[in-house]
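Subject: Structure for you to look over

Hello,

Please find the structure below, followed by notes on what was found in it. The notes can be read with the model open beside them.

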Amino acid sequence: MMAEAGAGGPRLAELLALGQRLWDELEASTEPSSGAPAVQEKVRQGLDALQRAAAMVAQLELFSENEELEEIASADLKFMLLPALLGALTLKQVDLSRRREHLEAAREHFLRFLRLCRSYGLGSFQLSSTSSEEGAGSPSAPRDPAQPNLVAMAMSRAAKIERYKQKKELENKLASMSSSVESGMADEDQIREFYVLQIQKWIGTSLEEMESIEQELVILKSRDAARQAPAGPRGPSRPARAPMKPFILTRDAAQARVFGAGYPSVPSMTVNDWYEQRQRQGVVPTPQRVPGASDEELQKQQQETEEEEDDEEALKKARDWDDWKDTHPRGYGNRHNMG
């Protein structure tokens, strides 16, 4: 029987044609990103049209497990593609926060399509008879993504190559027949063959997508488990350093005695004392002893370092004196013994 919608609404065939056209445009799109607004708007429109069409098919009960393929009208065969197209468009959605939900929904669409094809004897594949195959599409029967319930055609290299060749042959046949079918010039047998070839092509596509979905679900599950795992120790924690007491730095012990703070609560220390204290606390690195260096050489090295510091201070004083002479003439301020 020919399937149509009620009066005033779009026909079932029109909804399917719209969904197929949008899918073809998405496949041929040159948009650099699948998340582009124009791309996602087509995905939304395609899903809406196909979901409405699928609801009509269910209401009209076009397909039944108790009938043979020959009992289906040639014009109605194309509606068997609805679940496969729904699965393919569902995968086009790019909301990362709902990626796992979209993968599982797409998987159930593909499974529904494959079960329907199997019930009519289309395609050479098997669905797993282990575990709860028929309950896999039910929300009450969660599955472990690491345990696929679909045993498709053997996933060996030879089987993949053979399936790829079959896909190319089907595409060539469909391309040669599409113009006559779409123009209305094809007879009943050609129309029927054309839709059966489309179904067989989508069987191969569904099996490939199912394999990809299972692999991605395993990755997502591992990522979610890693996020939920308690964080372990990241390494030995550094011991807390004691709070430092306030002090006044001086160049040597003599200055510490002369230029003290003047009250006992704030001690003074020399630079060397302060540096040694910071070494003990691990704040500054301890100078490495050069292998083979004697104490005399180390003392000489330290003396050279101190001389460099003194040279820097002397250089600063000389520069300040030069600056002062530039702005003050010779004899400036000398008023002694002036007539």
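**A residue with positive phi**

E61 sits in the loop between α2 and α3 (82–90). Helices (H or I, at least four residues) and strands (E, at least two) are DSSP runs, numbered from the N terminus. E61 is not a glycine, yet its phi is positive, at about 55°. Most residues other than glycine have a negative phi. With 63% relative accessibility, E61 counts as exposed; the classes are buried for under 20% relative accessible area, exposed for over 50% and partly exposed in between, with a 1.4 Å probe and protein chains only.

**Where the values come from**

This is a predicted model, in which local features need pLDDT of at least 70 and side-chain atom pairs count only at pLDDT 80 or more, while totals for chains, interfaces and linings use all residues. Residues are numbered from 1 along each chain as its sequence is written, and side-chain values use heavy atoms, with hydrogens and water left out.

**The chain as a whole**

The chain has nine helices and two strands. Read from the N terminus, its elements run α-α-α-α-α-α-β-α-β-α-α. Of the 339 residues in the chain, 30% are buried. Contact means heavy atoms within 4.5 Å. Among contacts between residues at least 6 apart in sequence, 64% join residues at least 24 apart.

**Helix packing**

Two packed helices are described by the angle between their axes and the distance between the axes. Here the axes are lines fitted to C-alpha atoms, for helices over the stretch in contact, and angles run from 0 to 180 degrees between N-to-C directions. Angles under 35 degrees count as roughly parallel, over 145 as roughly antiparallel, 65 to 115 as roughly perpendicular and the rest as oblique. A crossing is left-handed if the near helix is turned anticlockwise from the far one by less than a right angle, and right-handed if clockwise. For the make-up of a contact, Ala, Val, Leu, Ile, Met, Phe, Trp, Tyr, Cys and Pro count as nonpolar, Asp, Glu, Lys and Arg as charged, and the others, Gly among them, as polar.

Start with α2 and α3. The crossing of α2 past α3 is left-handed. On the α2 side the contact includes V43, G46, L47 and L50, and on the α3 side it includes L82, L85 and L86. The residues of this contact divide into ten nonpolar, three polar and no charged.

Next come α3 and α4. The angle between them is about 160°, and their axes are 7 Å apart; they are therefore roughly antiparallel. This crossing is left-handed. P83, A84, L86, G87, A88 and T90 of α3 make the contact with H102, A105, A106, H109, F110, R112 and F113 of α4. By type, the contact of α3 with α4 has eight nonpolar residues, four polar and one charged.

The last pair here is α4 and α6. They pack at about 150° with 9 Å between their axes, so they too are roughly antiparallel. The crossing of α4 past α6 is left-handed. The contact of α4 with α6 takes in 15 nonpolar residues, one polar and nine charged.

**Salt bridges**

Side chains of opposite charge can pair when their charged atoms come close. A salt bridge is a side-chain nitrogen of Lys or Arg within 4 Å of a carboxyl oxygen of Asp or Glu. The structure holds 15 of these salt bridges.

One of them joins D224 and R100, whose closest N and O atoms are 3.3 Å apart. D224 lies in helix α6 (residues 188–228) and R100 in helix α4 (residues 99–119), so the pair ties together parts that are 124 residues apart in sequence. R100 is partly exposed, at 31% relative accessible area. Through salt bridges with shared partners, R100, E104, R223 and D224 form one network.

R44 is partly exposed at 46% relative accessibility, and E41 is partly exposed at 33%.

R52 and D48 form another salt bridge, and their closest N and O atoms are 4.0 Å apart. Being four residues apart in helix α2, R52 and D48 are also separated by about one helical turn. Both count as partly exposed, R52 at 38% relative accessibility and D48 with a relative accessible area of 36%.

Regards
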